[in-house]
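We will walk through some of its strands and loops together.

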Amino acid sequence: AVRAARARADETGSLLAVYGGSMIGLARNICGLVGLSYLYADDRELYCEVVHTLADLQYKVTEAVLATGVRFDYMHLWEDIACKSGPLVTPRAFEKIVCPEYVRITELARRYGLDIVDVDCDGVIDRLVPGWIASGVNTMFPVEVGTWNADFVPWREKYGRELRAVGGMRKHVFAEDKKAVDEEIERLRRLIDLGGYIPCPDHRIAPDADFSLVAYYCEQMHKLVK
């Protein structure tokens, strides 16, 4: 299956990611947010064991996939461990308990020549970004500008060119008009000029979108980055 995925990627000119798993989001899914929070407060040792055990299982699976010899282009991680008010785990716990697991998985990625490691995490992630950067995760997705008013520019100014991003597009302009789309493209131009940034709407296109405006955006953006 992995070799077939590589073949399809080569045929279509696509990139192929190896999934590195989740270092804390999976534990949140299993325990529930409230359950994981109580676990951190009531039994720190068990909390650490849960995080490490799940991360270790995912590490071993990822290592086995990479050992097949199939060429991957980058590593993808998933978390969704933040909301509109900030992280769903304390930054102190994140950096002390979770980040060592990121270090393991990103070092594995580098051993196989994968320089790009991205993480999918919704919400306001500003307080988690330092831990990710220090642990070798260098690409943020989806940078939800339309929902959480996230902005890639301050992150790049603070962390430099080592930090990359995908997303950051106000997809609600697709329900307005060409003028709104043009203004959004102009706003994104400064982000594109920074380098290490791919502009795209996060998640799904909203149901009130005008498809002709979506097509127009794609055409204009293609001209911009060509």
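Predicted model: local features only at pLDDT ≥ 70, side-chain atom pairs only at ≥ 80, totals over all residues.

Let's start at strand E5, which covers residues 117-120. Are its side chains buried or exposed? On one side sit Val117 and Val119, on the other Asp118 and Asp120, and all of them are buried, so both faces of the strand are covered.

Now look at the strands beside E5. Strand E2 (residues 74-78) pairs with E5 in the parallel sense, over 4 bridges. Strand E6 (residues 139-141) also pairs with E5 in the parallel sense, here over 3 bridges. Aspartate 118 is a handy landmark: it is the bridge partner of histidine 76, and it stands opposite threonine 139 in E6. How does the chain get from E5 to E6? It passes through helix H6 (residues 129-134), and this β-α-β crossover is right-handed.

Next, follow the chain out of E6. The peptide bond from phenylalanine 141 to proline 142 is cis, with omega near 10°. Proline 142 itself belongs to the loop between E6 and helix H7 (145-148).

Two other loops hold residues with a backbone angle to notice. Aspartate 80, in the loop between E2 and strand E3 (82-83), has a phi near 50°, a positive value in a residue other than glycine. Histidine 203 is another non-glycine residue with positive phi, near 55°. You can find histidine 203 in the loop between strand E8 (197-201) and helix H10 (211-225). Its relative accessible area is 43%, so histidine 203 counts as partly exposed.

Definitions and conventions
Residues numbered from 1 in each chain as written. Heavy atoms only, no water. Buried < 20%, exposed > 50% of the residue type's maximum accessible area, 1.4 Å probe, protein only. Pairing = 2+ DSSP bridges. Right-handed = clockwise from strand over helix to strand, strands pointing away.
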